[in-house]
Amino acid sequence: MVLTGQAESGSTLISALQQQQKTGQIPLDLRAHAPMAVKLGKLKTRKVKILGKCKLVVDSLSPNNINIKANNCKFRLKL
C-alpha cells in the first residue's frame, strides 16, 4: 500500500516526532477511499465507495514492524 501525507517542517515538529517514537505513542490520522463490489457466484453488485477515517496510535514508524496500540475508526458507503 502506498501512503502519502503532509507534514510541516521545522525543528519543533521533528523534536515532537522523535519524542513520540521514544515513548512508542505515535498518533496517525488515516483516510481511505476505496471502490468495492461483491461477487456471489455469477451475481455481482455494482461498485460502491467505502469512505473511512481512522485515528490510530502506533508504536513505531519502522516499515517492517508497526503495531497499532489504539484505534477509532468510522466507515460509510457512498453509492
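Guide: Strands are DSSP runs of E of at least two residues, helices are runs of H or I of at least four, and both are numbered from the N terminus. The model shown is a predicted one.

Visitor: Which elements does the protein contain, and in what order do they run?

Guide: The protein has one helix and five strands. From the N terminus on, the order is α-β-β-β-β-β.

Visitor: Which residues gather in the patch of positive charge on the surface?

Guide: The patch consists of Arg 31, Lys 49, Lys 53, Lys 74, Arg 76 and Lys 78. Two elements, β4 (48–58) and β5 (68–78), each give two or more residues to this patch. The largest share, three residues, comes from β5.

Visitor: What makes Lys 53 count as exposed?

Guide: Lys 53 has its place in strand β4. Exposed means over 50% relative accessible area. The value for Lys 53 is 53%, and therefore Lys 53 is exposed.

Visitor: Which residues make the nonpolar surface patch?

Guide: Met 36, Val 38, Leu 40, Leu 43 and Leu 77 make this patch, which covers about 480 Å².

Visitor: Why is Leu 40 called exposed?

Guide: Leu 40 belongs to strand β2, residues 39–40. Its relative accessibility is 60%. The cut-off for exposed is over 50%, so Leu 40 counts as exposed.

Visitor: What makes Val 58 count as buried?

Guide: Val 58, which lies in strand β4, has a relative accessible area of 2%. Buried means under 20%, and therefore Val 58 is buried. Of the 79 residues of the protein, 10% count as buried.

Visitor: Which residues are in contact with Val 58, leaving aside its neighbours within four places in sequence?

Guide: They are Gly 24, Gln 25, Ile 26, Leu 28, Ile 66, Asn 67, Ile 68 and Lys 69. With Gly 24, the separation is 34 residues in sequence and 6.9 Å in space, C-alpha to C-alpha.

Visitor: Why is Asn 67 called partly exposed?

Guide: Asn 67 is located in the loop between β4 and β5, and its relative accessible area is 40%. A residue is buried under 20% and exposed over 50%, with partly exposed in between. The value of 40% falls in between, so Asn 67 is partly exposed. Not counting residues up to four places away in sequence, Asn 67 touches Val 57, Val 58 and Asp 59. Its C-alpha atom is separated by 9.6 Å from that of Gly 24, 43 residues apart along the chain.

Visitor: What share of the contacts between residues at least 6 apart in sequence join residues at least 24 apart?

Guide: The share is 41%.

Visitor: What is the accessible surface of the protein, and what part belongs to carbon and sulfur atoms?

Guide: The accessible surface comes to about 7200 Å², and 55% of this belongs to carbon and sulfur atoms.

Terms used:
Residues numbered from 1 in each chain as written. Predicted model: local features only at pLDDT ≥ 70, side-chain atom pairs only at ≥ 80, totals over all residues. Heavy atoms only, no water. Patch = residues over 30% accessible without salt bridge, like charges linked within 9 Å, V, L, I, M, F, W, Y side chains within 5 Å. Areas by Shrake-Rupley, 256 points an atom, 1.4 Å probe, with all protein chains shown as cover. Salt bridge = Lys/Arg side-chain N within 4 Å of Asp/Glu carboxyl O. Lys, Arg positive; Asp, Glu negative; His and termini not counted. Charge placed at Lys NZ, Arg CZ, Asp CG, Glu CD. Buried < 20%, exposed > 50% of the residue type's maximum accessible area, 1.4 Å probe, protein only. Contact = heavy atoms within 4.5 Å.
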